[in-house]
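Please look through the sequence and the model shown here. The text after them walks through the fold and then turns to a single residue.

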Amino acid sequence: MDIATLRETHPDHWTRAAAIRVLAMDAVQAANSGHPGMPMGMADVATVLYEKHLKFDAAAPDWPDRDRFILSAGHGSMLIYALLHLTGYEQMTLDQIKNFRQLHSITAGHPENFLVNGVETTTGPLGQGLANSVGFAMAEEILRARFGKKVVDHRTWVIAGDGCLMEGISHEAIGLAGKQKLSKLTVFWDDNDISIDGRVSLSDVTDQKARFEAAGWDVLSCDGHDPADIDAAIEKAKASDKPVLIACKTTIGFGAPNKQDTAKAHGSPLGPDEIAATREVYGWPHAPFEIPADVKSQWEEIGRRGATARAEWQSRFDELSDNRKALFARMQAGEAPKKLASTIRALKKQISEGQPKVATRKASEMVLEVVNPAMPETVGGSADLTGSNNTMTADLGIFDADNRKGRYVHYGIREHGMAAAMNGMALHGGVRPYGGTFLCFTDYARGAMRLSALMGAPVVYVMTHDSIGLGEDGPTHQPVEHLAICRATPNTWVFRPADTVETAEAWELALTSEKTPSVLALSRQGLPTVRTEHKTKNLTAQGAYVLAEAEGKRQAILMATGSEVEIAMKARDLLQAEGIGTRVVSMPCMELFAQQDEKYRRRVLPAGPVRVAVEAAVRQGWDRWLLGERGREQKAGFIGMEGFGASAPAPELYERFGITAEAVAEKAKALL
């Protein structure tokens, strides 16, 4: 539909949508940076969605049963900022719009969930929001099955662009959504045929509608500038028993005389002359950032419309038993049950007394066997490695289209899609997602793992087969740099536990974290129990601690994680036999150790003794503890990997690469 017809046949809709368009133009121009074209192209779709279909209350951004709106095409952030301002979200003032992309404003270049009420997830890396939405929709299904549709009954709506659909993660996400028949998930495809380089045809020939249909979605189409056509498509989508793609044919930079339908409208300001000409086309005589009072009032009424639905929801919620209300509130708040701590303590005591020798991946399963019954909010899964990751426990049941009460997800070989879906679950609230693959395949999940950290989503990544100790699968599967990569990521806890006791403590920390994701790096090979004396205190929470003290004068400190703690303990025996007093420090989480006060760190790592770190990985990340913290280069050494591994049984690999107790002892003696 052309602008003249749109203005004539739908005048009220036109002015409301034009308000979005001019705010986007003006904000990008004021910042001299940004993407005006997408908000201008999708303003009609967004207006119809917010006015007629989206369940929300601008006065209560965190209402649990609100619909979730996700702007996967996050470069078009002014679309959602304009919507939040116009509908009356208190936080999104006109001054924030005017300060788009400026320091200390909440209107960042791409939407950030931790800055803005009403932004459900941080988007910008294309495809991530689309993949997050699958997790949002899954969480809704899981919670509706538990609490009933009177309490949980909402939808997830997504705007995605050509870039979102070209990114590989989209294929993983739509395949998972189609398999799970997530009928409350609707994606609006901004089908404008433009990317930064120009026409999409420069780089892609994919029939996107056929791709979604092949993945089990219903596919609809509409004129993205005809409000009646948009409304009819949304009504059809709501009636579907599958996830739905609505292909919205739009014009990027809609109405800009010289730049619409070109890449020039995509990622840069339109310029004063083009904006003035566009205002003429729109019939919008108002100054920059000026929204007529009657138009703003219409939008604010849309923002208030959901108050009635929220009040009705509150009445239904209040009819629940006190126990059910308390459970729902606790799960929504992300608070672990009080009995988690005692459950972990009891397991630790049992392990310290029994002293089993098990792989830490098996130890993790042992922890989950007692934790999952105590925490109904946990939702587990694996990227097609359930038997290897040990992430399934008998009480969970399989989540699928026929069993929404199931709490275990078979993600398929979709590491990236799994990680992004778990982000969506965590951000939705009410569930605690964890999922597994091999540590080496954090490479495939990396984009979403970084966003977990950026967004403060406390997802738990169960990453097994954590070193050359996995053996015969060889260097393609043996992680050597991955611990360093994970540790280099801000706001991430990387746990590499030495035994079942440390594994239990790591799980307790991961499941009580509020804003930090956790990586559990777990062994394939069996490890002895090194924590043979039961301590009620969670020592892993300190990041590092003295596992074995020196006998006699302390001359050496051996630091290790995971499977190499056993090696450090054996090296200590060798050194002590020669009269060299040796302390062993287990360091299951460098990040938590770095957070301890200096007094504690000094007690663990005092000046004077030589230091040797041992880890079957690259050295990067260890120098702070070897050379800093009162250490010296002349008195520090590292035993670990300098290159990739090889295919052979694990014991032979440790010998081949010199990661042995004898090598550690010799390194310490050479430094003395």
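The model is predicted.

Five strands make up an open sheet with parallel pairing, and their order is β1-β2-β3-β7-β6. At the edges are β1 (68-71) and β6 (218-223), each of which pairs on one side only. From one strand to the next, the twist averages 20°.

How many bridges join β1 to β2? Four bridges link β1 with β2 (residues 156-161), and the two strands run parallel. Ile-70 has Val-158 in β2 as its bridge partner. Helix α6 (residues 128-147) packs on the sheet and touches β1, β2 and β3. The direction of α6 makes about 165° with that of β2.

A further helix, α3, lies across β1, β2, β3 (185-191) and β7 (244-249). Relative to β3, α3 runs at about 155°.

His-35 sits between α2 (11-31) and α3 (37-53). Is His-35 buried or exposed? His-35 has a relative accessibility of 13%; buried means under 20%, so His-35 counts as buried. Which residues is His-35 in contact with, leaving aside its neighbours within four places in sequence? With those neighbours set aside, His-35 is in contact with Val-28, His-75, Gly-76, Arg-101, His-266 and Gly-267.

Conventions. Residues are numbered from 1 along each chain as its sequence is written. This is a predicted model: local features need pLDDT of at least 70, side-chain atom pairs count only at pLDDT 80 or more; totals for chains, interfaces and linings use all residues. Side-chain values use heavy atoms; hydrogens and water are left out. Buried means under 20% relative accessible area, exposed over 50%, partly exposed in between (1.4 Å probe, protein chains only). Contact means heavy atoms within 4.5 Å. Two strands pair if DSSP finds at least two bridges between them. Axes are lines fitted to C-alpha atoms, for helices over the stretch in contact, and angles run from 0 to 180 degrees between N-to-C directions.
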